Amino acid sequence: MTDKELNYIKIITEEKSISKAARRLFISQPSLSQYVRRMEQELGTELFKRTPAGLIPTYAGERYYRTAVRILALYEDLEREISDINGLKTGKIQLGITSHLGTSVLARVLPQFHRQFPGIECTVTEDTSDGLEERLLRRDLDFAVMHAPKEPAVSALSYELLSRDPFLVVAPHGHPVGRFARPGKGEYPELDLIHLSGIPLLMVRRGQRIRQITDSLLGKAGIRQPEILLTLKSFETIQLLCAEGMGVTLLPRQYASIPYLSTRPDYYSIPESYGAFWELCIATAKDAYLSLAGKQFLDAVRRVCREDALS
């Protein structure tokens, strides 16, 4: 079995579809279907069950997939070691990042890195935090710049914490919830989250780290079934709607101030007992080989974070 053949089965398993896998692999669907049939004939067993929900690996298919992931990871680690040996003249890094961090971090790191190491190919994948973690586990990424989960559920990943940003309650200007606010220690008055019970909330989608932390904070306030008025992917749109009086939301402080708001909303800090913050991190698979190119790139990310912390 070649690395190409291993990769075919890996991608088909992940996509659960011959047509989707073929598009991702840039080959024709008939050719890929023929390859799978040939492989199953050679092995003497089915690798996939055809179901209405898509292709589901059989026990043999699951074993094949897991072995393929390990073997392909060894191939990639070898390529990275060769890149290290040749002094970073050639090589590649596969990095993941969330969309907003792409604008605030990647734009300050990637141009300089490319000038310094023009022979290193950089592949960038933008996804949600959950999506990036899944890709790290599949070894599709070398590392990801993202925000860490409050309670890491995946022991195979490690998180290097870089900086911390508190969450704020963002409410339309003059919203009645403000009557419950008390003087805070910082620039904003403090509002206990228990006062958000029964108030229409604007939320980002599940799978986004902001939503996961928001759900956790509301849970600590005893709000297990919040009244969610609207769910969107864009936190910028949510804040615009909030400023126009549509509902209340929770956002990290760094994200909570956008310059083109027609009306400035009211901001409230959250009591320290909630632990209302998230942490920027570098996530990696614990057993992955990190090349010199990757280390150089991550050193640049760390410098940017230190600059932000000092500013």
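1. Buried residues account for 46% of the 311 residues in the chain. The model is predicted. Its chain holds nine helices and 11 strands.

2. On overall extent, the C-alpha atoms fill a box of roughly 70 × 50 × 35 Å along the principal axes. The chain exposes about 16,300 Å². Carbon and sulfur atoms supply 52% of that area.

3. The largest nonpolar core has 57 residues. F167, V169, L193, L196 and F297 touch the most other members. Helix α9 (residues 292-310) gives this core its largest share, seven residues. In soluble globular proteins, nonpolar side chains tend to be buried together.

4. F297 deserves a look in the viewer. Leaving aside residues up to four places away in sequence, F297 touches I93, L95, L106, V109, L110, F113 and F143.

5. There is also a second, separate core, of 19 residues. Its members include I18, A22, L32 and V36.

6. Now the pairing of α1 with α3. Helix α1 covers residues 3-15 and helix α3 covers residues 29-43. Their axes come within 11 Å and cross at roughly 105°. An angle of 65 to 115 degrees counts as roughly perpendicular, so α1 and α3 are roughly perpendicular to each other. On the α1 side, E5, Y8, I9 and I12 make the contact. On the α3 side, L32, Y35 and V36 do. These residues divide into six nonpolar, no polar and one charged. L32 and V36 of α3 are in this contact, and both also belong to the second core.

Conventions
Residues numbered from 1 in each chain as written. Predicted model: local features only at pLDDT ≥ 70, side-chain atom pairs only at ≥ 80, totals over all residues. Heavy atoms only, no water. Axes fitted to C-alpha atoms, helices over the stretch in contact; angles between N-to-C directions. Helix = DSSP H or I, 4+ residues; strand = E, 2+ residues; numbered from the N terminus. Parallel < 35°, antiparallel > 145°, perpendicular 65-115°, else oblique. Contact = heavy atoms within 4.5 Å. Nonpolar A, V, L, I, M, F, W, Y, C, P; charged D, E, K, R; others polar. Core = buried A, V, L, I, M, F, W, Y, C linked by side-chain atoms within 4.5 Å. Buried < 20%, exposed > 50% of the residue type's maximum accessible area, 1.4 Å probe, protein only. Areas by Shrake-Rupley, 256 points an atom, 1.4 Å probe, with all protein chains shown as cover.
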